[in-house]
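Please look over the sequence and the fold before reading on.

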Amino acid sequence: MAYFDWDSSLDIGVDLIDSQHRRIMDYVNDLHEAIQNNDQELVFDVMERLKDYTFDHFAFEEQLMEKAGYPLLEPHIQVHHRFCSRVDELNELLRTGSDPFGVARKTRNDLTRWLIEHIKQEDHNYAALVRKALRQESSWVSGALRKIFGTDQKAS
Ligand SMILES: [Fe+2]
């Protein structure tokens, strides 16, 4: 059973971002599955992919906010940075021999709580402005996606 079921109240109305947020939560569910199945190899694998994808997502989101001229960009970036430091710390614990399942549980719990709060507060705040910017400059998106994620497929 999944650890977390996506709730449409978490959608901010920017499709690209909503699908990326869902993808992050898919990784959280993968981590949960690794814990449930006592699969240490999967814990290492998912922790790595979760980190890479989350960092790319933040980079994309920051570029989108910048493009839209969002006035609270800087504080939002600071929030992302704090969270990235935490994810780095957790990965470091894993690399330096901490109990992988303990690290995985902490990551699953913290990431879920943090992401839900962040989406409902900070991300909702930029949604209207970003939607407007995307309507005006939709061609910009493919280039930014390719640059950050290496593909212009929405959430791959
Ligand atoms: Fe954000």
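Is D123 buried or exposed? With a relative accessible area of 0%, D123 is buried, where buried means under 20% relative accessible area, exposed over 50% and partly exposed in between, computed with a 1.4 Å probe on protein chains only. The model is a predicted one, in which local features need pLDDT of at least 70 and side-chain atom pairs count only at pLDDT 80 or more, while totals for chains, interfaces and linings use all residues. Residues are numbered from 1 along each chain as its sequence is written, and side-chain values use heavy atoms, with hydrogens and water left out.

D123 belongs to the metal site: the iron ion is coordinated by E61 (OE), H76 (NE2), H80 (NE2), H118 (NE2) and D123 (OD), at 2.0 to 2.4 Å. Donors here are N, O and S atoms within 2.8 Å of the metal (3.2 Å for Na, K and Ca), and since water is not among the atoms, sites may look incomplete. Along the sequence, the donor residues of the iron ion follow the spacing E-x14-H-x3-H-x37-H-x4-D. Because H80 lies in helix α3 (residues 73-95) and D123 in helix α4 (residues 100-136), the pair ties together parts that are 43 residues apart in sequence. H80, like D123, is buried, each with a relative accessible area of 0%.

Around this site, the secondary structure of the protein comes to five helices and zero strands, helices (H or I, at least four residues) and strands (E, at least two) being DSSP runs numbered from the N terminus. The radius of gyration of the protein, taken over C-alpha atoms, is 16 Å, close to the 15 Å that the globule rule gives for 156 residues, so the protein is as compact as a globular protein of that length; the rule itself is 2.2 Å times the number of residues to the power 0.38. Along the principal axes, the C-alpha atoms fill a box of roughly 50 × 30 × 30 Å, and buried residues make up 46% of the 156 residues. Of the contacts with a separation of 6 or more, 76% come from residues 24 or more positions apart, a contact being heavy atoms within 4.5 Å.

Helix α1 (residues 15-36) has 22 residues and reaches 31 Å from its first C-alpha to its last, close to the 32 Å expected at 1.5 Å a residue, where the expected span is 1.5 Å times one less than the number of residues. Just after α1, N38 takes a positive phi of about 55°.

The structure also holds eight salt bridges, each defined as a side-chain nitrogen of Lys or Arg within 4 Å of a carboxyl oxygen of Asp or Glu. One of them joins R22 to D11, with the closest N and O atoms 3.0 Å apart; as R22 lies in helix α1 and D11 in the segment before α1, the pair ties together parts that are 11 residues apart in sequence. Another salt bridge joins R49 and D45, whose closest N and O atoms are 2.8 Å apart, and both residues lie in helix α2 (residues 40-67), four residues apart, about one turn of the helix. An α-helix has 3.6 residues a turn, so residues three or four places apart point the same way. K106 and D110 in helix α4 are likewise four residues apart, and their side chains meet in a salt bridge (3.4 Å, N to O). K106 counts as partly exposed at 39% relative accessibility, whereas D110 counts as buried at 12%. Both belong to a network of salt bridges that links R86, E89, K106, D110 and R113.
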